[in-house]
Amino acid sequence: MASLLDHSARGETVGYSFSQAAAAPVKQHGFYPYTDNGGSTLGITGSDFAILAGDTRSTSGYNINSRMVPKVFKIGGDAETGEGAHIILSVVGFAADGNALKERLDSIVKMYRYQHGKRMSVSACAQRLSTILYQKRFFPYYVTAILAGLDEEGKGALYSYDPVGSYEREQCRAAGAAASLIMPFLDNQVNFKNQYIPGSGEGHALEAKKPEPLPQDHVKQLVRDAFTSAVERHIEVGDNLQMLIATKDGIQEVFHPLKKD
Amino acid sequence: MNHFPEAWGRPRDDVYGAYNPSYLQTSGPKTHTSSPAVTGTSVIGVKFNGGVALATDNLASYGSLARFTDVKRLRVFGENAIVGFGGDVSDMQYIDRLLESIDIRENYSSHGNMLNAKNLHTYLSKVFYKRRSEFNPLWNHVLVAGYDGDGQPFLSSADLLGTTFSAPHLATGFGAHLAVPILRRLFPDEKPLEEVSKEQAIDALKQCLKVLFYRDARSLDKYSIAVITKDGIDLKENEQIESQSWAFAERVKGYGAQTK
């Protein structure tokens, strides 16, 4: 009689499939949370300005999603127009992470202003951005960020990042799909790498040309040249060039057409 | 029949073989959707002068099986916003319920539902991004159509990873390969939106649906089309692709079962 009431023993004695659940093999899931949306960005500083530029193409694989998806943003300004901002941020890589990162930094810079009654300095913002990136060290924002603005002395400031928050201040930096095409050009044309003063000596005595801050018009032309060249050799770069220029008068935005093929 | 009520109504192991217990997993890690099950194919959308048009076919596939042939994949939100769903149908139904609850809540508020298509798109993309960040994605690629805050026509895309982009004409899935080139040829970038009429946009969508039906094996000739203008939404859900011509089919050579 006792055996009729003994429910726990049934599963084992009868051997129905629903009692064997514990022996199930563990299933692996195959969801990859990242994608690459292509594109390239570039930043150069001068003595009293900083320029951040990026193309506006968005890709997935060989498809062009859209020809107008800007990658460079004003940080800490009006939500719609970006008015009143003094910091610029470019993000390239996984666009969804880039947007999330932009919105977090934007609200932090805004909150700083409300809480302290003054604008956040570019160096403070740079350190904060590094912290945001590092907080997601083990599930990173898959983006290469560049932050720019004017420092406390009014000089152009530019900070470049890796996806997990390592950063340094530089004169110029290219990031994204065509970074490997643009960066050597910048090394040569901005930092005058491999350029020597003619007739200054023979062999090791040859004197290297010293880098110095370039005028704004010259830098703008370098940026346009860099992108027109990158468009020729990289399929993920093209459509339009977006340029944000930070000066003491605020941030100016300009667009130039690039090849759409 | 035996005297164990738990076993009644279940397939017998000695007849049907043991049930694959991996579906009844009780131990091990918590599992999430790692692939879609019942899916819808392309969604296509075009902006025109004063509005937006969106279209999908009415098929929900189960792998290569045309499982449900009367599934409406265009969902209305509020007064003048439409969401077109591609991807997992159960996730579509979940999102639809989510949007319905927002719509009801908004309508009970004193100001009524003031959310436009742009707000809706922002919301959806954040839902997608949050779920992908939890490794529990909603397996969809959607197009949102309607108007932005300034009353301008709005068309934008959001997908399971939270990626978003906007363009005068968009298509998801197979449509990204087949429909977008047709739309880009019909409405090139140089042509301003003011020169695209409602009729041209609708004709273009019908043409794209036909090409998709010819070439996308997971598509159907029954479709839904929504046209959003300032007068409201004109949603037709039981349309049929017309004037098909399969004459091209016999000239298709060079692959498949053909030997010559």
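The model is a predicted one. Chain A contains six helices and 12 strands, and 48% of its 261 residues are buried. Of the contacts in chain A with a separation of 6 or more, 60% are between residues 24 or more positions apart.

**Lysine 110 in helix α3 of chain A**

- A:K110 belongs to helix α3 of chain A, which covers residues 95-116, and the side chain of A:K110 makes a polar contact of 2.7 Å with the side chain of A:D106.
- A polar atom of the A:K110 side chain also lies 3.2 Å from the backbone oxygen of A:G77.
- When residues up to four places away in sequence are left out, A:K110 touches A:G76, A:G77 and A:A79.

**Contact between helices of chains A and B**

- Two packed helices are described by the angle between their axes and the distance between the axes.
- For α3(A) and helix α3 of chain B (residues 117-133), the axes come within 11 Å and cross at roughly 105°.
- Because angles of 65 to 115 degrees count as roughly perpendicular, α3(A) and α3(B) are described as roughly perpendicular to each other.
- On the chain A side the contact involves A:A96, A:D97, A:A100 and A:E103, and these meet B:K126, B:Y129 and B:R132 in α3(B).
- The residues of this contact comprise three nonpolar and four charged residues, with no polar ones.

**Strand β8 of chain A and its two partners**

- Strand β8 of chain A, residues 156-161, is mostly covered, since six of its six residues are buried.
- In a regular strand the side chains alternate between the two faces of the sheet.
- Both faces of β8(A) are covered, with A:G156, A:L158 and A:S160 buried on one side and A:A157, A:Y159 and A:Y161 buried on the other.
- Strand β7 of chain A, residues 143-150, pairs with β8(A) in the antiparallel sense over five bridges, and A:I146 has A:S160 as its bridge partner in β8(A).
- The hairpin of β7(A) and β8(A) has five residues between the strands, and A:G154 in this hairpin takes a positive phi near 85°.
- β8(A) also pairs with strand β9 of chain A, residues 167-169, in the antiparallel sense over three bridges, with A:Y159 standing opposite A:R169 in β9(A).
- The hairpin of β8(A) and β9(A) likewise has five residues between the strands, and A:G165 takes a positive phi near 105° there.

**Glutamine 195 in a loop of chain A**

- A:Q195 lies in the loop between α5 (179-189) and α6 (216-233) of chain A, and it counts as partly exposed because its relative accessible area is 21%.
- The side chain of A:Q195 reaches the backbone oxygen of A:N188 at 2.8 Å.
- Apart from residues up to four places away in sequence, A:Q195 touches A:N188, A:Q189, A:A208 and A:K209.
- A:Q195 and A:M243 are 48 residues apart in sequence, and their C-alpha atoms are 28 Å apart in space.

- Strand β2 of chain B, residues 43-48, is joined to β11(B) by three bridges in an antiparallel arrangement, and B:G45 stands opposite B:L170 in β11(B).

**Aspartate 234 in strand β13 of chain B**

- B:D234 lies in strand β13 of chain B, and because its relative accessibility is 38%, B:D234 counts as partly exposed.
- Leaving aside neighbours within four places in sequence, B:D234 is in contact with B:I225, B:A226 and B:V227.
- B:D234 and B:S34 are 200 residues apart in sequence and 36 Å apart in space, taken from C-alpha to C-alpha.

Note on methods:
Residues are numbered from 1 along each chain as its sequence is written. Chains are lettered from A and ligands numbered from 1 in the order in which they are written. This is a predicted model: local features need pLDDT of at least 70, side-chain atom pairs count only at pLDDT 80 or more; totals for chains, interfaces and linings use all residues. Side-chain values use heavy atoms; hydrogens and water are left out. Helices (H or I, at least four residues) and strands (E, at least two) are DSSP runs, numbered from the N terminus. A polar contact is a pair of N or O atoms within 3.5 Å; within protein, one must be able to donate a hydrogen and the other to accept it, and residues adjacent in sequence count only if both atoms are side-chain atoms. Contact means heavy atoms within 4.5 Å. Axes are lines fitted to C-alpha atoms, for helices over the stretch in contact, and angles run from 0 to 180 degrees between N-to-C directions. Angles under 35 degrees count as roughly parallel, over 145 as roughly antiparallel, 65 to 115 as roughly perpendicular and the rest as oblique. Ala, Val, Leu, Ile, Met, Phe, Trp, Tyr, Cys and Pro count as nonpolar, Asp, Glu, Lys and Arg as charged, and the others, Gly among them, as polar. Buried means under 20% relative accessible area, exposed over 50%, partly exposed in between (1.4 Å probe, protein chains only). Two strands pair if DSSP finds at least two bridges between them.
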